[in-house]
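Have the structure open while you read.

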Amino acid sequence: MAGTAHAASPASAAPAQPVVAAPPLAVPPAPVLLALLRGTLSAVNQANITGNYSVLRDLGAPSFREAYSTAVLAESFRSWRERKLDFAAILLLDAKLSRPPVVGPNGALRLTGYFPTAPLMVEFDLTFHPVAGNWRLATIAVSANEPEITGSIGTVPARAAPAAKPAIPVFEPPAYQGPMPQLLTPPGDRPRI
């Protein structure tokens, strides 16, 4: 019977077992965090390009799948599709976090920051829940905005005087001596971010 709780009689009650709390979840190492970010935002990008949000939805935690149908996701990202934004460059860039990653008391991992893409910067605020040993998308907030310009026009920041001797030796790779590689531009009419 669903929703019905039964109390055991004192004679049939099992001896009390000590409750062992699960150890708190740790924030994953930086490479895992970057893989989570790139994988999630790559799925968003592919969903926007194809118009098919089923894979993005299926990659989410159960709470994400319950909260967001493919139709809701498609409507949420409609303006990105209409603007034909393609931000595949995030696969090549490191994310800049606005605050340290944290696992909250509810076990959700929260990542907030941006990818320094141009001409629009991809900002994100994502949470992930642990599901069967993997972090799965729980909430998503992303935006593509022009970077905020700070400082004055015409001022050049003063350079610090070089240190007499660097604390860590600087390794400079030898100059490339072979033929220059051909750079290929992928075909398509999608504006790149």
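A residue is called buried when its relative accessible area is under 20%, exposed when it is over 50%, and partly exposed in between (1.4 Å probe, protein chains only).

Before going on, a word on the model: it is predicted, so local features need pLDDT of at least 70 and side-chain atom pairs count only at pLDDT 80 or more, while totals for chains, interfaces and linings use all residues. Residues are numbered from 1 along each chain as its sequence is written, and side-chain values use heavy atoms, leaving out hydrogens and water.

**The core**

A nonpolar core is a set of buried Ala, Val, Leu, Ile, Met, Phe, Trp, Tyr and Cys residues joined through side-chain atoms within 4.5 Å. The largest one here has 32 residues, and Leu56 and Phe77 have the most contacts inside it. Two or more residues each come from α1 (30-50), α4 (70-76), β3 (109-115), β4 (121-131) and β5 (134-145). Helices (H or I, at least four residues) and strands (E, at least two) are DSSP runs, numbered from the N terminus. Which element gives the most to this core? That's α1, with eight residues.

Now zoom in on Leu56. Contact means heavy atoms within 4.5 Å. Leaving aside neighbours within four places in sequence, Leu56 touches several residues, including Ala43, Val44, Phe77 and Leu137.

Leu137 lies in strand β5 and is buried at 4% relative accessibility. The C-alpha atoms of Leu137 and Leu37 are 9.9 Å apart, although 100 residues separate the two along the chain.

**The rings**

Rings of Phe, Tyr and Trp (its six-membered ring) pair if their centres lie within 6.5 Å; planes under 30 degrees apart count as stacked, over 60 as edge-to-face and the rest as tilted. The whole structure has five aromatic pairs. Here are two of them:

| Pair | Centre to centre | Angle between planes | Type |
|---|---|---|---|
| Tyr53 and Phe77 | 6.1 Å | 10° | stacked |
| Phe115 and Phe124 | 5.7 Å | 50° | tilted |

Why does the Tyr53 and Phe77 pair tie together parts that are 24 residues apart in sequence? Because Tyr53 lies in the loop between α1 and α2 (54-58), and Phe77 in the loop between α4 and α5 (78-82). Tyr53 is buried at 1% relative accessible area, and Phe77 is buried at 6%. Ring pairs also link Tyr53, Phe77, Trp80 and Phe87 into a cluster.
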